[in-house]
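Hi,

Here is the structure I promised to send over. Have a look first, and then read on for what turned up in it.

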Amino acid sequence: MEINEKYESLKAYIKNLGSLAVAFSSGVDSTFLLYAAHDALGDKAIALTGVSYSFPAREKNESEEFCKKLGVKQIYVETDELSMPEYASNPKDRCYYCKKNLFSQMLEEAKANGIEYVAEGSNVDDEGDYRPGLKAIAELKVLSPLREVGFTKAEIREMSKRKGLPTASKPSFACLASRVPYGETITREKLGKIEQAEQLLLDEGFSQFRVRIHGDDLARIELLPEDINRMLNEELRLRIYDKLKSYGFSYVSLDLRGYRMGSMNEKILNN
């Protein structure tokens, strides 16, 4: 199916629902889905944005700007995952408990606003990675229109470009908790240090990266291979090192393999 046909199929799928609340994080996928929902339903489409310590402030601000520009009603759903032992202890299925908690609240919020359906933005490419959160989504009967219609990440980016969406070339960013190795406790302090470190790299002009935390004080920076040589510039390297030290990291390392999505899942998938 040609990409424009897919988009029309997506709109028809959404329009048939009558009304829809989109779980909106300001990422590439959810931005495209919210745009399509508004295109199909107008005021009968709303945005639900989960707010917690694992959601960077910059993403919250971007979500707010987009909703205002699009003219979509946005409702914040505040969650406190750190109070959940099955989340804070960071087991391999942490994402399941997080999504179960978040989407349960979103379903209640949607119902309170007279909307029956809640949708999230996973695409067909997400089916190949380790994603226990998809199990919670299925159990709660949250819709996944992009997967239903068959959109890939590349197609979402291309269609976003055609529609003039600001996220067409936006780097992929998962929640901050994904930077902590499974089995290591997630704390507010760790998430805060990660957010500061990643904001610094953004401010320094890096685009796609991760700052992983090991223990309480070791930062492991993953950069695109083409950015690694730039990081080796002495002035830049020492400036970033000094900043991360001021954020509470005792050690700062550079991953020689470079950035790859889901690197914390490698031990799980290889066992």
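Let's start with the cysteines. The closest cysteine sulfur to that of Cys98 sits in Cys175, 5.9 Å away, which is too far for a bond. Keep in mind that this is a predicted model. Cys98 itself is buried, at 11% relative accessible area. Cys95 is partly exposed, with a relative accessible area of 24%. A disulfide would need the two sulfurs within 2.5 Å, and the structure ends up with 0 disulfides.

Next, the packing. The largest nonpolar core has 31 residues, and those touching the most other members are Tyr7, Leu10, Ile14, Leu20, Phe32, Leu34 and Phe151. Several elements supply at least two residues each, including helix H1 (3-15), strand E1 (20-23) and helix H3 (57-70). Helix H2 gives the largest share, 9 residues. Leaving aside residues up to four places away in sequence, Leu34 touches Val22, Phe24, Ile46, Ala47, Phe66, Cys67, Leu70 and Val72. Another core, of 26 residues, lies apart from the largest one, and Phe206, Ile221, Leu244 and Phe249 are among its members.

What about cavities? The count is 1 cavity of 30 Å³ or more. The largest cavity has a volume of about 40 Å³. Its lining is made up of Ser52, Tyr53, Ser54, Thr79, Asp80, Glu81, Leu82, Tyr87 and Leu191. By class, that lining has 4 nonpolar, 3 polar and 2 charged residues.

Cheers

Notes. Residues are numbered from 1 along each chain as its sequence is written. This is a predicted model: local features need pLDDT of at least 70, side-chain atom pairs count only at pLDDT 80 or more; totals for chains, interfaces and linings use all residues. Side-chain values use heavy atoms; hydrogens and water are left out. On a 1 Å grid over the protein atoms alone, a cavity is a set of points where a 1.4 Å probe fits but cannot get out, and a pocket is an open set with protein on both sides within 12 Å along at least five of seven lines; lining residues have an atom within 4 Å of a point. Grid points are joined across faces, edges and corners, and a volume is the space filled by probe spheres set on the points. Ala, Val, Leu, Ile, Met, Phe, Trp, Tyr, Cys and Pro count as nonpolar, Asp, Glu, Lys and Arg as charged, and the others, Gly among them, as polar. Buried means under 20% relative accessible area, exposed over 50%, partly exposed in between (1.4 Å probe, protein chains only). A nonpolar core is a set of buried Ala, Val, Leu, Ile, Met, Phe, Trp, Tyr and Cys residues joined through side-chain atoms within 4.5 Å. Helices (H or I, at least four residues) and strands (E, at least two) are DSSP runs, numbered from the N terminus. Contact means heavy atoms within 4.5 Å.
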